[in-house]
Amino acid sequence: MTFLIKAENISVVRNGKAILDSVSLDVRPGDFTTIVGPNGAGKTTLLKVLMGLINVDFGSVRRKPGLRVGYVPQRLAADESMPITVRRFLTLRKKAAPGDLERVVTETGIGALLGKSLHVLSGGELQRLLMARALLDDPDVLILDEPAQNLDVAGQLALYRLIDNVYSERRLAVVMVSHDLHLVMSSTRHVVCLYHHISCRGTPHTITRDPAFKSVFGEDMARLMAVYTHAAGEDHFCETHDHTRHEHSHEGDGS
């Protein structure tokens with residue numbers, strides 16, 4: 001089996017509306033795929049389908065037997081009324097081997113935080129903690145849902161550097177939803193533009209020239225991304241749908 005996760009023509013329908021419409025996506029060892037699209041496009045739903053948290057209404061999803069998945073959500077809401085330390089949070093699900101715990105603590109740079117309560121951590125510290133927890137199981141694929149959404153620019157850059165280092169050193173697969181596509185170009189190998197269906201996909205270099213990408217993100221983003229080029233020669237295609245070109249709402253992602 002050459003894939004870790006294989007989704008074929010999947011559709012998810014809620015209240016008569018297709019959140020995902022005939023979407024196909026392979027996740028293979030060593031992939032780094034960034035999923036982009038406007039709010040409400042179904043990006044979070046797609047991640048949950050890939051992880052097996054949501055069943056599809058049509059199509060199929062296959063996963064490598066014994067697949068280990070690490071997940072980093074957008075944020076962690078730490079409740080001050082229920083104090084828990086960083087160390088305790090890391091080992092809450094199961095008892096981690098000392099060597100595994102030491103590795104992720106060093107890898108994510110959270111050693112100085114272990115005795116602190118979660119509710120006193122900054123946004124960047126919380127996201128590094130979530131990264132550490134996701135890596136504890138030594139995952140085959142790391143799935144991240146807009147992990148830098150609530151961070152300032154410095155925090156975004158630091159987190160993306162960490163993701164890049166983890167990807168390079170562990171040689172795992174990464175699937176990430178991100179609005180900061182221009183900041184992750186050094187790592188991303190494959191870009192998927194989603195608006196319920198896959199409107200276009202390809203390398204960061206080729207995707208910027210795709211009319212479907214420009215219709216969603218505009219010429220300014222396409223020009224910005226065009227600075228970050230990768231080697232040509234990878235597959236790229238555009239699926240034409242009449243409903244690709246229209247105004248997109250950026251009020252609340254409900255996906």
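Which exposed residues does the face of H5 turned away from its buried side carry? They are Val-153, Ala-154, Arg-161 and Glu-169. Exposed means over 50% relative accessible area, buried under 20%, and partly exposed in between (1.4 Å probe, protein chains only).

This is a predicted model: local features need pLDDT of at least 70, side-chain atom pairs count only at pLDDT 80 or more, and totals for chains, interfaces and linings use all residues. Residues are numbered from 1 along each chain as its sequence is written, and side-chain values use heavy atoms, without hydrogens and water.

**Helix H5**

Helices (H or I, at least four residues) and strands (E, at least two) are DSSP runs, numbered from the N terminus. H5 covers residues 153-170. Its buried residues include Leu-159, Leu-162, Ile-163 and Val-166. Arg-171 follows H5 and has a positive phi, near 60°.

Elements among those covering the buried residues of H5 are listed here.

| Element | Residues |
|---|---|
| strand E3 | 32-36 |
| helix H3 | 98-108 |
| helix H4 | 123-135 |
| strand E6 | 141-145 |
| strand E7 | 173-177 |

**The open sheet**

Three strands form an open sheet in the order E2-E1-E4, with antiparallel pairing. Strands pair if DSSP finds at least two bridges between them. E2 (17-27) and E4 (58-63) are the edge strands, each pairing on one side only. Between E1 (residues 5-14) and E4 there are 5 bridges. Ser-11 stands opposite Phe-58 in E4.

Methods: Expected span 1.5 Å × (residues − 1). Contact = heavy atoms within 4.5 Å.
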